[in-house]
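Open the model in your viewer and keep the sequence panel beside it. Each stop below says what to select and what is there.

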Amino acid sequence: MTFDFDRVIDRRQGDSLKWNRYAQRDVIPMWVADMDFAAAPAIQAALQARVAEGVYGYGMPTAEMVSAVIQYHAQHHGWQIRPEWLVPLPGLVPGLNLVCRTMGKPGGKVVMATPVYHKFLSAPIHSDKERVVVPLHQVEGRWEWDWNALDQALAGADVLLLCNPHNPVGRVWTQDELRRVMTMCAQHQVVVCSDEVHCDLVLAPDCKHICYATLGDVAATHSITLLAPSKTWNLAGLGCALAVIPNEALRLRFTQGMQGIMPHVNILGYVAAAAAYRDGEAWRLALIDYLRANRDHLIAALDQFQGLTVSNCEATYLAWIDFRETGIIEPQRFLEAAGVGVSDGTEFGLPGFVRLNFGCPRSTLDEAIRRIKQALAIEPA
């Protein structure tokens, strides 16, 4: 099958959070992690069939959805998930916050590597926990862990929020790296919450996503994995995610913390998730090819400007761009003025960078590149 990722869909006049930010301005929105592609035809068909039933009451996980999730992860990640491990959530962010609230002691420490998705940074604060950040560092352009700093930060901590693959730097953590994280967390008796929402968006052919819980019994026993089809199949607005918790005691604490505050999952979210995991593979593989080409095109275009560096993201559709050597003090404002709306690196804990979403038709990306080049004086107006 072929899929038309070049098709431009006008999202300016509707309910799009992404596009409505600049509804009254000529700015291409490339900030939030929301692609501009139509969902896979198989997902659209499944949703249309469910809508045609005409009854939309409270829902629960269907056997079809549970089976699709289990079979997909067994086939693609070698992870044998048991049905009782699955806890449905209306989104990944509620899962992050729930982990911070239910794991560990009041006022305890929550550790994370930065720069990182800004909801990681806010989750401990919402739970009256202490946020401890461990800055990643670059070695020959590649983002790496500071192992000594991580070990020190984990001492006395309750939770490590692990972004795997990492948003925004785009790293796919290797098995050796994850095993080192596992060893440290086991030694310090730290619960690992592994956000793996981008796990099926690996762009680098020489990289393979490793589900943290598959490292062995030790990792499975102290981990909570957050999954969702939202990023890979562009379904964020349908609100369906899953926590996978093999440890029964951790699962009980987590589910008890949900009582009274966590709404039911959207019934259409269950339908879309089942269709994505069961029938969305051909579309996903075509998407990976398209995103990889967009990434390479963006890097080649912007590498012409002295002092600007684009991280070669191994996964996600989010470019992490370093402006620190350009002399541009506020790059997000600079690009917004040029007509390209990106996320400010300050939100992720690292000023001087921006995050740019290249999950869009090539014509949209080309126009954004044209505007950026013009603003940087790479090309004349």
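Start with Y290, which is buried, at a relative accessible area of 15%; buried means under 20% relative accessible area, exposed over 50% and partly exposed in between, with a 1.4 Å probe and protein chains only. This is a predicted model, in which local features need pLDDT of at least 70 and side-chain atom pairs count only at pLDDT 80 or more, while totals for chains, interfaces and linings use all residues. Residues are numbered from 1 along each chain as its sequence is written, and side-chain values use heavy atoms, with hydrogens and water left out.

**Aromatic pairs**

Rings of Phe, Tyr and Trp (its six-membered ring) pair if their centres lie within 6.5 Å; planes under 30 degrees apart count as stacked, over 60 as edge-to-face and the rest as tilted. The count by this rule is 14 aromatic pairs.

Select F5 and W283: the ring centres are 5.5 Å apart and the planes stand at 55 degrees, so the pair is tilted. F5 is in the segment before α1 (17-20) and W283 is in helix α11 (residues 281-302), so the pair ties together parts 278 residues apart in sequence. Helices (H or I, at least four residues) and strands (E, at least two) are DSSP runs, numbered from the N terminus. F5 is buried, with a relative accessible area of 5%, and W283 is buried as well, at 3%.

F37 sits in the loop between β1 (28-29) and α2 (41-53), and Y290 in helix α11, so parts 253 residues apart in sequence are tied together. F37 is buried, with a relative accessible area of 6%.

Which residues do ring pairs link into a cluster? Select F3, F5, F37, W283 and Y290 to see it.

**Further along α11**

N294 also lies in helix α11. Its relative accessibility is 0%, which counts as buried. Leaving out residues up to four places away in sequence, N294 touches F358, C360, R362 and L365, where contact means heavy atoms within 4.5 Å.

**Helix α5**

Select residues 118-126, helix α5; its buried residues are F120, L121, A123 and P124. Seen down the helix axis, the buried residues of α5 fall within an arc of 160 degrees, so they line one face; the arc is that of the directions from the helix axis to the C-beta atoms. They pack against α4 (92-102), β3 (109-114), β4 (130-135), β7 (159-163) and β8 (191-195). After α5 comes D128, with a positive phi near 55 degrees.

**The largest pocket**

The largest pocket has a volume of about 1300 Å³. On a 1 Å grid over the protein atoms alone, a pocket is an open set of points where a 1.4 Å probe fits, with protein on both sides within 12 Å along at least five of seven lines; lining residues have an atom within 4 Å of a point. Grid points are joined across faces, edges and corners, and a volume is the space filled by probe spheres set on the points. To find the pocket, select D34, N234, L235, A236 and G237, the closest to its centre of the 46 residues that line it. α4 and α5 each supply at least two residues of the lining, and the largest share, three residues, comes from α4.

**Last stop**

Select G327, in the loop between β12 (318-322) and α12 (331-337). G327 is exposed, with a relative accessible area of 59%.
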